Amino acid sequence: MMMRVRIIDGHCDALYKMFEQPSIDFYDPAAGLDVSYARIKQANVKIQFFAIFLPERITVPQFDHYLEYINIFYRKITCDGRVRLIKNRDDLYAVWHSDQIGAILTLEGADAVQGNPLYTRTLYHLGVRFVGVTWNYGNWAADGILEPRQSGFSNRGKSFIKDCCDLGILLDASHLSAAAFWDLAAATAKPFVATHSNAKALCGHPRNLDDDQLRELIRRDGRIGVTFVPWFVDSANATIDGVLRHIDYIGALGGERQLVFGSDFDGISRAIPNLEHAGQYVNLVDALEKRYSGTQVQRFLNGNWFSFLERHLPVH
């Protein structure tokens with residue numbers, strides 16, 4: 001039997017569901033999570049990014065809310081050693097050469113940081129390694145893609161970019177307004193990523209990236225996380241073949257070595273048929289193997305993410 005290809009997935013909202021429903025058990029196969037331990041083991045997801053995303057009902061986000069999420073992560077996911085938090089390259093290699101599953105903590109929306117460098121540093125010490133500065137709307141740092149004014153980064157937001165880069169926190173451009181995307185590009189020479197965004201040329205949703213943005217991520221050797229959000233794949237009828245069309249398109253722009261996946265499982269209200277939870281990754285893998293070489297499939301599923309993490313995570 002052929003060994004299944006390992007998968008690195010750059011975005012899920014399992015922590016959001018666990019925050020909203022404290023009774024959910026990550027290790028219970030019947031818990032109702034798209035990304036549960038059983039499902040990622042079934043699909044051979046070797047490293048899963050877990051986002052800290054505050055629900056919209058929290059109108060005044062506080063730093064304590066982030067701490068609640070991080071407490072859930074440590075208490076309910078990394079509690080018994082089956083899942084290991086990846087904070088540096090040593091952790092990355094240890095996970096890759098063991099039976100453990102790796103987890104990377106990310107922040108989706110820096111509203112409660114409020115430009116406080118101590119908060120930024122605390123997030124780093126607690127293990128957060130990627131930050132998406134906004135969700136869809138504006139905050140103290142920048143505008144999101146659905147903010148009507150469509151501005152870029154504030155001066156405090158540009159200072160936050162520098163703080164993150166100095167610490168070793170990587171920046172995620174998914175959800176940024178177009179102006180903020182280009183402000184980020186101008187503010188740092190370091191590569192950045194878009195963990196869960198598709199090609200706007202194929203599907204015109206505002207959250208997708210236009211060709212200039214895709215080319216910039218490719219030029220920087222950042223990463224472009226093709227996502228399974230149906231309305232980012234096709235406005236009418238999203239399928240696994242539709243996901244492959246986005247892969248083809250980004251590859252044709254020169255992005256074969258920058259293309260990764262960011263499913264957005266547990267963050268969507270409906271799913272692509274046969275790609276409804278992490279356990280069904282196998283259906284995508286089967287489709288990939290029919291269209292691409294083994295080397296390409298390995299790059300898309302883990303190699304491109306792994307090389308980025310190996311290059312940009314802290315050494316120790």
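Hi everyone. Before I start, one term: two strands count as paired if DSSP finds at least two bridges between them. Please also keep in mind that this is a predicted model.

With that term in hand, let's look at strand β5, residues 128-132. β5 and strand β6, residues 170-172, pair in the parallel sense, and 3 bridges join them. If you want to find one on your screen, go to G132, whose bridge partner in β6 is D172. There is a helix to go with this pair: β5, helix α6 (residues 155-167) and β6 form a right-handed β-α-β unit.

Now turn to strand β4, residues 101-108, which runs parallel to β5 and is joined to it by 4 bridges. Here you can pick out T106, which has F130 of β5 as its bridge partner. Again a helix comes with the strands, as β4, helix α5 (residues 117-126) and β5 make a right-handed β-α-β unit.

On to the nonpolar cores. The largest one has 90 residues, and F26, F50, I247, F261, L284 and L288 are those with the most contacts inside it. Which helix gives this core its largest share? That is helix α3, residues 63-76, with 6 residues.

Let's go back to L284 for a moment. Setting aside residues up to four places away in sequence, L284 touches F228, I240, V243, L244, F261 and L275.

Is R299 buried or exposed? Its relative accessible area is 16%, and the cut-off for buried is under 20%, so R299 is buried. Apart from neighbours within four places in sequence, R299 is in contact with E256, R257, L259 and N304.

A search of the whole structure finds 0 disulfides. For C79, the nearest cysteine sulfur is that of C12, 16 Å away. C79 counts as partly exposed, at 45% relative accessibility, whereas C203 is buried, with a relative accessible area of 4%.

Notes: Residues are numbered from 1 along each chain as its sequence is written. This is a predicted model: local features need pLDDT of at least 70, side-chain atom pairs count only at pLDDT 80 or more; totals for chains, interfaces and linings use all residues. Side-chain values use heavy atoms; hydrogens and water are left out. A nonpolar core is a set of buried Ala, Val, Leu, Ile, Met, Phe, Trp, Tyr and Cys residues joined through side-chain atoms within 4.5 Å. Buried means under 20% relative accessible area, exposed over 50%, partly exposed in between (1.4 Å probe, protein chains only). Helices (H or I, at least four residues) and strands (E, at least two) are DSSP runs, numbered from the N terminus. Contact means heavy atoms within 4.5 Å. A crossover is right-handed if, with the strands pointing away from the viewer, the path from the first strand over the helix to the second runs clockwise. A disulfide is a pair of cysteine sulfur atoms within 2.5 Å.
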